[in-house]
Amino acid sequence: MRLTQADLFAQDDAARNSLSQTQRVAIRARLEATLAKLEAAVTFPWRDPLDAVHEENRFQRDSELLGEEGVSLWARFDKEMDRLHATQA
């Protein structure tokens, strides 16, 4: 896989922050795999609550990279996290 670096001094943030199709597919696949893990879980899958925070931060950051598509993925993630947090009571 060949990586290219965007112009760091570009005036247009869109040019610097755009993802290639390959990057979008990889991010989407990673997010979908995380969602599948959460949807299949009966109880909270992390022993350490800090691990859950890290996962949530990574998921949110990656979903933001996908723009509108990421909004629906984030909503699914948030719903599953609410469900799993309820099992902790």
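This is a predicted model: local features need pLDDT of at least 70, side-chain atom pairs count only at pLDDT 80 or more; totals for chains, interfaces and linings use all residues.
The cluster consists of F59, W74 and F77. The glutamate, E55, has F77 among its contacts.

**Aromatic pairs**
- Across the whole structure, 4 aromatic pairs are found.
- One of them joins F59 and F77, which are stacked because their ring centres lie 4.3 Å apart and their planes meet at 15 degrees, under the limit of 30 degrees for stacking.
- F59 belongs to helix α3 and F77 to helix α4 (residues 68-86), so this pair ties together parts that are 18 residues apart in sequence.
- W74 and F77 also form a stacked pair, since their ring centres are 5.4 Å apart and their planes are at 25 degrees.
- Both W74 and F77 sit in helix α4, with a spacing of 3 residues, or about one turn of the helix.

**Burial within the cluster**
- F59 is buried, at 0% relative accessibility.
- F77 is likewise buried, and its relative accessible area is 0%.
- W74 has a relative accessible area of 22% and is therefore partly exposed, as buried requires a value under 20%.

**E55**
- E55 is located in helix α3, which spans residues 49-65.
- Its relative accessibility is 15%, so E55 counts as buried.
- Leaving aside residues up to four places away in sequence, E55 touches T34, W46 and F77.

Conventions. Residues are numbered from 1 along each chain as its sequence is written. Side-chain values use heavy atoms; hydrogens and water are left out. Helices (H or I, at least four residues) and strands (E, at least two) are DSSP runs, numbered from the N terminus. Buried means under 20% relative accessible area, exposed over 50%, partly exposed in between (1.4 Å probe, protein chains only). Contact means heavy atoms within 4.5 Å. Rings of Phe, Tyr and Trp (its six-membered ring) pair if their centres lie within 6.5 Å; planes under 30 degrees apart count as stacked, over 60 as edge-to-face and the rest as tilted.
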